[in-house]
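This report describes selected features of a predicted model. The sequence and structure are shown first, and the commentary follows.

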2 protein chains.
Amino acid sequence: MTLIYSLKQIKAVLPELDLSKSIEQGFVAYSQGRTVVPPVGELVFESPPGETHIKYGYIKGSAFYVIKVASGFYENPGLGIASNSGLMLIFSTRTGEIEAILLDQGYLTDVRTAIAGQIAARYLAPSSVSKIGVLGTGVQARMQVEYLKPATSCTSICVWGRTRENQEAYRTYMADRGYNVILADTPAMAAEDAQIIITATPSSSSLLHAGDIGPGTHITAMGSDTPAKQELDPVILEKADIVVADSLSQTRERGEISHALKQGLLSPDRIHELGRVIESPDLGRTVETQITIADLTGVAVQDIQIASAVYQAMKKEKS
Amino acid sequence: MTLIYSLKQIKAVLPELDLSKSIEQGFVAYSQGRTVVPPVGELVFESPPGETHIKYGYIKGSAFYVIKVASGFYENPGLGIASNSGLMLIFSTRTGEIEAILLDQGYLTDVRTAIAGQIAARYLAPSSVSKIGVLGTGVQARMQVEYLKPATSCTSICVWGRTRENQEAYRTYMADRGYNVILADTPAMAAEDAQIIITATPSSSSLLHAGDIGPGTHITAMGSDTPAKQELDPVILEKADIVVADSLSQTRERGEISHALKQGLLSPDRIHELGRVIESPDLGRTVETQITIADLTGVAVQDIQIASAVYQAMKKEKS
């Protein structure tokens, strides 16, 4: 029998899970080559414009394999519905059969993406943080900050967004959750004196430049997940002390690292994969004044781990 | 709200559908370039051995896109469960959201595969059929024959299989459905004097040779769907008057046509795509004595069409 779980049921089980640990273990398995993760499947739509990604695979020896479908249809808000949606399917690696369907409407993708930022900050951010700079005002601009809680107690945010209206909506939302939010007129202003910078926009040209980034800064660059998107001037990566990729193979093709590689500003041997940093924290920040960058493009192993964790918790509740 | 349908509900709605017409229209759209069908996603498992395929896409202008997951785990019968399983997901091309899940356990894949054989026979088989030769004794060896009903009234079968036990089980099953089944000691014997030959085995070397095929024969070769599998000596394709592929691009890489191309026995311009034959039946059989071959590897557009047809019927029943 196929078990089917609603978003409400999924949200109810999340607080009892140590997703950060599960996803860390997933990144380690991925970097050790203990996963089977084929290239992402992709469908593109023109009218209305949209895209759907299929991320799938398994950790060798695991009881489950996972297929995740995630869509972004950017005219949806005009219809009164969210741009992003999706679901996760859990199958048995023993029989191939479907075991469970998580009708999470894309929420678990949002969560696993925010948790990757938290993990990156844990190994890369300086120990003392008095300001978080945020570029973008969307779901990830909010969730990346909220999920930073286990990594920093800082509640001072300076946010930049394309419109004042978006910035104000962001401030209201985050103020309700105990954050003190200042609005920045420029990306540089959001970055100034911040120890953690989160870039979470769909920009296709550099928003931040080398002069905007002071010593002792960690940047989580998570907006740029296609070959065309870009939020950082590649000179920032040249200048950085530590550059970390969630996936070496994916960031060769997409994200900030791909731009720096193409321009010859970054040598491949300077890039560490996040799973390796988790295994060997000395590859992460060792000195308070270092500049560190985590380039996150989203890896199927995050979906595999969050879906497996949720499913196992559901099964336990039931038994 | 996501609608979820069981195999029982799906089977109940099938008889009222003209699936042959839907799938013909799908093949035509595919051959006309009116579909978006990315390369098949694939996961391979070692212990226990198994494979999972993800076929997906949409017909341009359609309200739905479809993602189909199909698995084959060949040790399942030892656990008392079927080797094949799967499900189909139906999404809106307007919003990207999931609309329905067909928990068909792989049944719709079996049906759409059998219907492709029926369509091929409609355009390629001779008008008078007195014997159907079948290689293989599995699900498709049965369903390909059963779904031939609209194309021929012939009920005389000669079957070859790897074991006498399998052959006898096949005879019992088909006899219950009104077929007269003779058991063949060799593949050649099953083919002898047959006007329709169905090859439905997982063989990886030729079972039939050019001398086994008489004039006025149509062969539906559907067992060979990977680069390694093969059921026909490529000389048969050289000798054939008409060679039809369900997908020109897929059969370049896998199936009987790929072997004949590699050996230089078949020129690409001699191969017609099934959708073109449906549009222009003169590309199919025109003379009773021709030898025709349909090489079927399974195309996502078949899944798209059967899933859409089932879903639309379900919605109509509900309203």
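Helices and strands are DSSP runs, of at least four residues (H or I) and at least two residues (E) respectively, and they are numbered from the N terminus. On this basis A:Gln105 belongs to the loop between β7 and α3 of chain A. Its phi is near 55°, a positive value in a residue other than glycine. A:Gln105 is buried, because 20 other C-beta atoms lie within 10 Å and 20 is enough to meet the cut-off for burial. A positive phi is also found at A:Asp193, about 65°, although this residue is not a glycine. A:Asp193 is located in the loop between α6 (187-191) and β11 (196-199) of chain A. With 12 C-beta neighbours inside 10 Å, A:Asp193 counts as exposed.

In chain A, the peptide bond from A:Ser47 to A:Pro48 is cis, with omega near 0°. A:Pro48 sits in the loop between β3 and β4 of chain A. In chain B, the bond from B:Ser47 to B:Pro48 is likewise cis, with omega near 0°, and B:Pro48 lies in the loop between β3 (41-46) and β4 (49-59) of that chain. As background to these backbone features, most residues other than glycine have a negative phi, and most peptide bonds are trans.

## The nonpolar core

The largest nonpolar core contains 201 residues, and A:Leu102 and B:Leu102 are the members that touch the most others. Leaving aside residues up to four places away in sequence, A:Leu102 touches A:Tyr5, A:Ile10, A:Leu87, A:Met88, A:Leu108, A:Ala307 and A:Val310. In soluble globular proteins, nonpolar side chains tend to be buried together.

## Contact between the chains

In the contact between the two chains, 34 residues of chain A meet 34 residues of chain B. On the side of chain A, the elements that give two or more residues are β3 (41-46), β4 (49-59), β5 (64-73), β6 (84-92) and β7 (98-103). The largest share, six residues, comes from β5(A). By residue class, the side of chain A that touches chain B divides into 19 nonpolar, twelve polar and three charged residues.

## Helix packing in chain A

Helix α2 (residues 19-31) and helix α3 (residues 107-124) of chain A pack at an angle of about 80°, and their axes are 10 Å apart. The two helices, α2(A) and α3(A), are therefore roughly perpendicular to each other. From α2(A), the contact involves A:Leu19, A:Ser20, A:Ile23 and A:Glu24, while α3(A) contributes A:Val111, A:Arg112, A:Ile115, A:Ala116, A:Gln118 and A:Ile119. These contact residues divide into six nonpolar, two polar and two charged.

## Helices of chain B

Helix α3 (residues 107-124) of chain B has 18 residues, which at 1.5 Å a residue should span 26 Å; its end C-alpha atoms are 26 Å apart, in agreement with that expectation. Since 17 of the 18 residues of α3(B) are buried, the helix is largely enclosed by the rest of the structure.

Helix α4 (residues 139-146) of chain B is mostly covered, with six of its eight residues buried. The buried residues of α4(B) are B:Gln140, B:Ala141, B:Arg142, B:Met143, B:Gln144 and B:Val145. They pack against α3, β8 (132-135), β9 (156-160), α5 (164-175), β11 (196-199) and β13 (218-221) of chain B.

## Two individual positions

A:Val299 lies in the loop between β17 (292-295) and α11 (300-318) of chain A. It counts as buried, because it has 28 C-beta neighbours inside 10 Å. Apart from residues up to four places away in sequence, A:Val299 touches A:Tyr30, A:Val37, A:Asp246, A:Ser247 and A:Gln250. A:Val299 and A:Val44 are separated by 255 residues in sequence and by 19 Å in space, C-alpha to C-alpha.

B:Lys8 is part of helix α1 (residues 7-13) of chain B. With 8 other C-beta atoms within 10 Å, B:Lys8 is exposed. B:Lys8 and B:Ala141 are 133 residues apart in sequence and 23 Å apart in space, C-alpha to C-alpha; B:Ala141 is one of the buried residues of α4(B).

Notes. Residues numbered from 1 in each chain as written. Chains lettered and ligands numbered in written order. Predicted model: local features only at pLDDT ≥ 70, side-chain atom pairs only at ≥ 80, totals over all residues. Core = buried A, V, L, I, M, F, W, Y, C linked by C-beta atoms within 7 Å. Contact = placed C-beta atoms within 7 Å. Axes fitted to C-alpha atoms, helices over the stretch in contact; angles between N-to-C directions. Parallel < 35°, antiparallel > 145°, perpendicular 65-115°, else oblique. Nonpolar A, V, L, I, M, F, W, Y, C, P; charged D, E, K, R; others polar. Expected span 1.5 Å × (residues − 1).
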